[in-house]
Amino acid sequence: MAWQIGVDVGGTFTDLLALDPERGFFRVAKVPSTPEDQSVGFMAGLCALETALAAVAALVHGTTVATNAVLERKGARCGLITTAGFRDVLELGRRTRPNPYGMTGSFEALIPRDLRAEVPERIDAAGRVLTPLDEAAVRREVQRLRERGAEALVIHFIHSYASPAHERRCAEIARELWPNRFVTLGSDILREVREFERGSTAALNGYVQPIVSRYLGRLSQNLRGAGLGNELLVMQGNGGMMAAGTAVDLAVHTVLSGPAAGAIAAAQIGAQAGYPNLVACDMGGTSFDVSLIAAGEPALSAEKDIAYGVPLRVPLVDIHTIGAGGGSIARITRAGLLQVGPDSAGARPGPIAYGRGGTDVTVTDANLLLGRLNPDRLTGVAGGAPMERITAAIEEQIGAPLGLDAIAAAVAVLAVTTNQLAHAIRLVSVEKGHDPRDFALFAFGGGGPLHAVEIARELGIPTVLVPRFPGITSALGCVLAPVRHDFVRSIGQPLATVETGDIDDRFADQAASGRQLLDREGVPLAEIVVQHEADLLFRGQSHVFRVPVMAPGFDRSVVLADFMASYKARFDIELPEMTAMLANLRTTVIGRRAPVDLAIFAPAERSAARQPSGIRQVRFSGAWIDTPIYDRAVLNRGTKLAGPAIVEQPDTTVVIDPGATAAVDALGNLVISVGER
Amino acid sequence: MSLDPVTLAVIQNGLRQVASEMDLVHEKTSFSPVISEGFDRSNGIYDRTTGEVVAQGELGLPIFVGVMQFTTQAVIERRRDLEPGDVILVNDPYLGGTHLMDVKMVRPFYYRGQLWCYLSNTGHWPDTGGMVPGGFSATATEIVQEGLRVPPVKLVRRGEICQDIVDIVLNNIRVAEERIGDIRAQLGALSVGERRLTQLLDRYGVETVDAAIAELKAGSERLMRAHIDSIPDGTYSATAIVDSDGIVDRPLEVVLDMTVSGSDIHFDLSRSSSPCRGPMNSVWATTQSSVYVAMKHIFPDVPINAGCFAPIHIAPPDGTFLYARYPRPVAGCAAEVAQRIMEAVFGAIGQAIPERLFATPAGTSGNFGLGGYDPEENRHYIMYLFSGGGYGGWWQTDGLTNGCSSVGISKTQPVEILEQHYPILFERFALREGSGGAGRHRGGFGIDYRIRLLRGEAKASFLMDHGRVGPPGLLGGDPGAVNEIAVSQGGAVTSPPHLSKGEGYVLSAGDWIAVKTPGGGGYGPAAERDPAMMQRDIARGYYTADEAVRLFTRPAAAE
């Protein structure tokens with residue numbers, strides 16, 4: 001009973017990792033994903049892994065079922081019960097348009113208007129009842145929504161963060177009438193002020209709940225049939241995981257969980273390798289995901305919009321995504337500027353190199369032309385890349401308009417790409433007050449290691465870390481993630497006037513709720529950690545600052561001093577004369593599992609110096625250089641390489657530019673000192 | 001000096017990032033909810049000689065796209081005595097401005113001892129004095145009634161803040177204590193800009209950055225010219241109606257004659273109405289900027305710098321209400337008249353290339369102001385709300401519901417936040433049924449809200465538009481619904497005589513106001529609407545079955 005298994009289902013592949021930390025064994029498997037029913041690929045992957053489920057201690061799953069349901073608008077038919085006068089909150093949003101310029105756009109609310117019902121009730125901002133709940137109206141409207149075919153029900157009342165009494169009574173009545181467990185209360189999902197954002201988060205929960213429930217139900221049944229004795233565990237967007245049973249009630253927490261798992265793995269690998277501060281970069285075919293990890297913890301954000309007009313206000317690992325990947329298309333704009341992305345050739349037709357009918361120049365094509373990628377080793381492309389067609393296309397589409405030859409044009413495409421990737425990193429680092437020079441760049445995904453050294457140099461980042469298996473980083477994150485539950489409660493009072501005992505009580509309530517959930521889920525834990533934070537702002541402002549606080553023992557003067565100090569650090573502005581307001585109380589309850597020593601990934605130590613598997617001409621800084629090519633599988637612990645060099649492995653290619661040096665560390669990571677250009 | 005394409009792209013991104021970081025700091029640290037929630041601010045980099053815009057934050061308020069360079073130009077003209085470390089404060093509408101509430105700061109930026117550019121920003125303050133809280137008086141007849149008018153003065157002299165200036169300003173405005181926070185936010189954004197720009201110049205050098213700016217300007221001009229070239233040559237005319245000036249109950253006309261000739265486009269507004277007595281006059285900077293913003297809405301891919309304005313020629317409409325001189329009141333220009341000018345541009349270009357355009361959007365900022373005293377909290381307050389409306393149907397589909405005004409990008413303040421801060425109760429905040437103009441692609445819907453005063457007394461004011469005629473349709477589509485206001489005082493319900501404008505309504509506890517904002521215009525004939533979409537609209541309650549028949553009836557022959 002020692003195997004820990006992580007399963008990450010992505011758009012193209014399902015990655016699996018089985019790990020036995022005690023005996024120091026691991027197995028990996030990669031099988032095609034099955035988008036119509038992800039559980040098919042999941043079970044096929046388990047077969048490929050050849051691990052008996054009866055011997056599995058924990059099976060953790062990162063799924064895109066919820067994310068895809070939202071992005072593709074294929075969620076459940078939901079009904080809404082809301083306060084009279086506020087039926088249209090979800091449809092009106094906050095008056096935004098999709099882009100700052102252009103008087104066009106369109107938007108469909110997750111719950112259509114004919115499934116949004118009003119009932120008489122009203123509570124004010126202080127939580128006092130102004131109009132009692134009309135229970136007969138609740139019964140009537142719930143019945144009507146059922147008849148109209150709603151499968152999930154969302155209850156969302158104005159000011160329910162201040163008093164959830166009406167929502168709870170409404171839910172009691174509704175549950176008597178509703179044929180399933182899919183009843184979501186806004187105040188349960190997010191006890192935070194702002195009716196549109198709370199309503200949207202609750203609606204998202206109802207929208208994905210039946211989908212997630214059916215999927216996890218089917219999968220759990222298959223797994224039990226195959227011999228799994230424990231409850232399936234599921235990744236959350238906050239980088240923690242939870243039991244499948246909990247996930248059905250809190251389905252919205254599984255949204256955006258895939259990239260979160262990658263950040264968790266990056267954080268742990270970095271911490272064990274001695275790099276607790278990381279910029280984690282995952283570059284795939286269509287996108288580049290960046291997250292910041294400070295002191296071993298991924299940064300979280302509770303201000304994400306999952307799509308235009310669809311905010312999701314639960315804490316999520318703060319991942320910034322731009323449309324720049326191997327398949328991103330390079331072109332000359334009508335203004336005569338070279339632009340890369342955000343549109344992508346995707347997997348089909350894909351880059352010209354894939355020979356599947358793609359005709360637009362992509363980043364992958366430019367990498368091939370410059371010798372950085374091996375034309376004979378493109379995953380899934382038989383017969384090698386059509387180099388002549390690539391050269392002609394780059395010359396014609398990019399070179400001619402700029403007056404460059406094909407090679408110079410390809411160099412320009414990569415330089416612009418690097419610049420965009422670096423900009424994305426600046427947004428999560430410099431623009432949030434971090435200096436990139438204090439970080440290492442953690443490169444994963446198929447394209448991350450290909451561009452990492454160039455990006456690091458652009459930003460002044462001294463070190464690049466490429467894990468042993470960049471392609472299964474998210475599956476590893478599933479194995480490493482703790483169990484985690486987040487809670488929030490809006491206060492909205494001047495800090496100076498709140499009762500400290502009252503605040504302590506509210507924090508204690510949130511901590512108790514988290515511990516109860518952990519108990520119910522029953523995952524074996526090494527320790528439980530409770531963290532309390534407060535959101536503060538100056539009266540009159542809109543943007544909150546988060547500071548860690550002590551509870552019990554909430555001390556107003558300490559909290560005030562911490563708030564002032566972090567404000568000064570971020571904006572260099574001091575405002576002693578302004579009133580500090582306590583906006584929200586946040587509690588995170590984390591159940592840590594036994595730590596995993598990642599040294600099990602390290603290759604065995606051998607004395608023989610490694611020889612390159614070949615030599616290829618690669619374009620670096622304006623010249624073709626004979627560059628040794630190494631196979632990652634035979635690079636031992638302690639191996640040192642000097643750039644220029646290229647390391648190839650089935651899931652990625654690592655480019656070590658001239659001037660950089662690389663060494664294989666005790667965990668099997670390739671640690672690259674980027675040096676000077 | 002010729003530049004490689006990479007350096008060019010990098011510097012373009014770099015300049016944009018400097019301005020965006022300034023916007024971010026400004027927005028996150030300001031105390032004015034109009035700035036922090038409403039994004040009613042803008043930051044940018046301006047040419048050291050001409051004052052023309054070099055780069056501006058992408059998320060700045062659209063109407064400031066053109067205005068900021070006029071402000072900077074006015075400062076360059078008037079202040080020949082600038083030194084390193086100085087910051088100019090100005091809000092004079094007649095000197096490259098908008099209304100008094102838009103307070104600008106201009107800081108000369110020196111690199112290695114040489115003036116390299118100007119960094120400027122503007123933020124909408126909740127109050128700058130004047131006869132009504134918030135500054136949007138609908139009945140002012142001269143600018144001195146609208147608030148404090150500051151000429152370009154040195155707020156900061158060689159790095160030292162001039163307390164005398166601060167004291168004069170704060171002594172003349174309402175809720176002054178929070179404004180010192182706004183002053184610091186605005187100064188902080190300029191400092192951030194200075195640091196980031198210094199880094200950029202350190203890295204690439206003055207010569208390279210200067211060359212890149214020249215090339216980027218040329219690139220924007222090429223792109224704008226390519227777009228204009230795609231509009232068939234000819235003269236197109238359009239008229240937009242302002243309900244009234246708030247004093248004289250008579251419509252004002254924006255009359256546009258637009259001539260496209262190759263890759264140049266000329267805007268002549270000289271047939272518009274004469275200057276008006278009330279605050280619906282537009283200053284020259286705002287009039288020009290309105291045309292620029294309309295063009296940017298139609299061709300959003302042109303990067304903002306002086307190059308994109310080069311092919312756009314606007315004749316000064318001297319003698320009309322779109323070329324206001326001292327002491328004409330101008331409070332309504334940036335929020336309302338600007339949108340009528342844009343509407344005329346949309347209308348004229350819509351005639352030329354309807355297949356690529358949209359019907360008219362709601363086009364009013366929907367300003368509702370409420371100032372009063374809350375006895376429970378023992379405090380005075382000023383609240384003001386902007387509202388969205390429906391956008392026009394467009395070539396692809398129906399118009400957007402509850403979109404922001406075409407001059408803004410601000411977000412609605414949450415009902416729950418407003419009820420926390422003010423003694424009011426929203427009885428309704430809803431989609432306004434039936435308001436979208438009928439068409440093959442119907443207009444989006446406006447909103448419908450009602451607010452009851454819970455405690456104390458308060459004064460209400462309204463500065464809106466489109467109460468007389470709805471936003472017009474395109475290609476045979478119908479206009480959207482007109483703006484409507486109702487006020488209930490002691491049980492008696494009235495509407496303002498000037499339809500969309502009025503002030504001085506004294507409310508007591510229990511009184512209410514109700515506002516219905518315009519829907520967008522329809523696109524294409526209503527009879528061509530897809531019957532399945534019509535059924536859906538009825539099921540959703542967007543239109544009653546009767547309305548559907550009345551507004552969208554298909555001729556029998558077409559059945």
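Reader: Why does the radius of gyration of chain A agree with that of a compact globule?

Author: The model is predicted, so local features need pLDDT of at least 70 and side-chain atom pairs count only at pLDDT 80 or more, while totals for chains, interfaces and linings use all residues. Residues are numbered from 1 along each chain as its sequence is written, and chains are lettered from A and ligands numbered from 1 in the order in which they are written. The radius of gyration is taken over C-alpha atoms, and the globule rule is 2.2 Å times the number of residues to the power 0.38. For 677 residues a compact globule would have a value near 26 Å; chain A has 26 Å, so the two agree.

Reader: What makes a residue of chain A count as buried, and what percentage of the 677 residues are buried?

Author: A residue is buried if 20 or more other C-beta atoms lie within 10 Å of its own, exposed if 12 or fewer, and partly exposed in between, with C-beta atoms placed from the backbone. In chain A, 55% of the 677 residues are buried.

Reader: Why are strand 9 and strand 10 of chain A said to pair?

Author: Two strands pair if DSSP finds at least two bridges between them. Strands (E, at least two residues) and helices (H or I, at least four) are DSSP runs, numbered from the N terminus. Strand 9 (residues 152-156) and strand 10 of chain A have three bridges, in the parallel sense, so they pair. Val154(A) has Thr184(A) in strand 10 as its bridge partner.

Reader: What makes strand 6 and strand 10 of chain A edge strands?

Author: The open sheet has four strands in the order 6-5-9-10, with parallel pairing. Strand 6 (116-119) and strand 10 (183-185) of chain A each pair on one side only.

Reader: Which strands of this sheet does helix 5 of chain A touch?

Author: Helix 5 (residues 165-177) touches strand 5 (78-83), strand 9 and strand 10 of chain A. Contact means that C-beta atoms, placed from the backbone, lie within 7 Å.

Reader: How many residues of chain B are in contact with chain A, and which helix of chain B gives the most?

Author: In chain B, 63 residues are in contact with 53 residues of chain A. Helix 1 of chain B gives the most to that side, with ten residues. The residues of that side of chain B divide into 30 nonpolar, 18 polar and 15 charged. Here Ala, Val, Leu, Ile, Met, Phe, Trp, Tyr, Cys and Pro count as nonpolar, Asp, Glu, Lys and Arg as charged, and the others, Gly among them, as polar.

Terms used:
Contact = placed C-beta atoms within 7 Å. Axes fitted to C-alpha atoms, helices over the stretch in contact; angles between N-to-C directions.
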